[in-house]
Amino acid sequence: MKKWLVAMMAFWLTSCSSGGENKSYYQLPVAHNGAQSTVSQSNRLLWVEQVAVPDYLAGNGVVYQTSDVQYVIANNNLWASPLDQQLRNTLVANLSTQLPGWVVASQPLGTMQDTLNVTVTGFHGRYDGKVIVSGEWLLNHQGQLIKRPFHIEAVQTKDGYDEMVKVLATAWSKEAAAIAQELKQLR
């Protein structure tokens with residue numbers, strides 16, 4: 001009798017731990033508003049050198065803030081690829097679209113390029129129905145350093161991780177537009 005009970009317990013534990021829950025993977029969408037030429041007539045070159053994220057955002061799980069001081073990292077709602085790579089790739093794509101005449105890349109372009117580094121300190125959903133995208137960026141423009149903080153709170157109108165990721169992507173795109181505006185004013 002005891003062997004049967006032990007076998008049933010082992011079977012039950014195995015079936016419970018085998019991942020009966022489905023995992024969902026998320027990728028930030030990229031808006032495709034037209035192709036950018038790879039030839040720059042005005043010699044405006046921008047290297048997006050790095051988008052850095054803190055440890056709590058660097059893992060696989062999508063992050064949700066449950067109170068003023070507590071964050072939960074999801075076990076079943078995961079980023080399809082590292083978040084810093086997704087943020088960098090979508091930033092390059094958004095800036096490429098918003099800066100016609102520029103060549104924007106995620107690799108060095110030469111010695112006469114501007115260099116952009118971004119530190120993202122917040123990229124998560126929050127208990128009050130908002131998403132947070134925050135941090136700062138630093139641009140090296142011809143030896144001149146320009147540093148700007150950013151903090152975007154956007155309202156999530158529907159429940160769920162799908163909606164949260166879409167609103168996060170929209171807020172990130174909004175920050176890319178703000179960076180593009182600053183770059184357009186430089187000379």
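Okay, ground rules before we start. What we have is a predicted model, where local features need pLDDT of at least 70, side-chain atom pairs count only at pLDDT 80 or more, and totals for chains, interfaces and linings use all residues. Residues are numbered from 1 along each chain as its sequence is written, and side-chain values use heavy atoms, with hydrogens and water left out.

So, the overall layout. The chain has 4 helices and 8 strands, and by that I mean DSSP runs numbered from the N terminus, with helices being H or I of at least four residues and strands being E of at least two. Going along the sequence, the pattern reads α-β-β-α-β-β-α-β-β-β-β-α. The chain has 187 residues, and 38% of them count as buried. Buried here is under 20% relative accessible area, exposed is over 50%, and partly exposed is in between, using a 1.4 Å probe and protein chains only. As for contacts, meaning heavy atoms within 4.5 Å: take those between residues at least 6 apart in sequence, and 68% of them join residues at least 24 apart.

Next, how do the strands pair? I call two strands paired if DSSP finds at least two bridges between them. Strand 1, residues 24-26, pairs with strand 4, residues 71-79, in the parallel sense over 3 bridges. One of the residues involved is S24, whose bridge partner in strand 4 is N77. Strand 4 also runs antiparallel to strand 3, with 4 bridges joining them, and there Y64 stands opposite V72.

Strand 2 pairs with strand 5 in the parallel sense over 4 bridges, with R44 opposite W102. Strand 2 is also joined to strand 6 by 6 bridges, again parallel, and L46 has D114 as its bridge partner there.

On to the core. Which residues have the most contacts inside the largest nonpolar core? They are L91, L95, L116, V120, F123 and W172, in a core of 42 residues. For the record, a nonpolar core is a set of buried Ala, Val, Leu, Ile, Met, Phe, Trp, Tyr and Cys residues joined through side-chain atoms within 4.5 Å. Elements giving two or more residues to this core include strand 2 (44-52), helix 3 (83-98), strand 6 (114-126) and helix 4 (161-184). Helix 4 gives the most, 11 residues.

Let me zoom in on L116. Setting aside neighbours within four places in sequence, its contacts include L46 and V48, L91 and L95, L139, and I179.

A169 sits in helix 4 and is buried, since its relative accessible area is 11%. Again not counting residues up to four places away, A169 touches L28 and P29. With P29, the separation is 140 residues in sequence but 6.7 Å in space, C-alpha to C-alpha.

Compare that with Q27, in the loop between strand 1 and strand 2. Is Q27 buried or partly exposed? Partly exposed, because its relative accessibility is 44%. Beyond its neighbours within four places, Q27 is in contact with A80, S81, Q86 and V165.

Over in strand 7 we find S134, which counts as buried because its relative accessibility is 9%. Its contacts, leaving out residues up to four places away, are T119, V120, T121, G122, F150 and H151.

Most residues other than glycine have a negative phi. Q142 is in the loop between strand 7 and strand 8 and is exposed, as its relative accessible area is 60%.

Last stop, the largest pocket, with about 150 Å³ of space. A pocket, on a 1 Å grid over the protein atoms alone, is an open set of points where a 1.4 Å probe fits, with protein on both sides within 12 Å along at least five of seven lines, and lining residues have an atom within 4 Å of a point. Grid points are joined across faces, edges and corners, and the volume is the space filled by probe spheres set on them. The lining is Y64, R126, G129, Q156, T157, K158, D159, G160, Y161 and M164.
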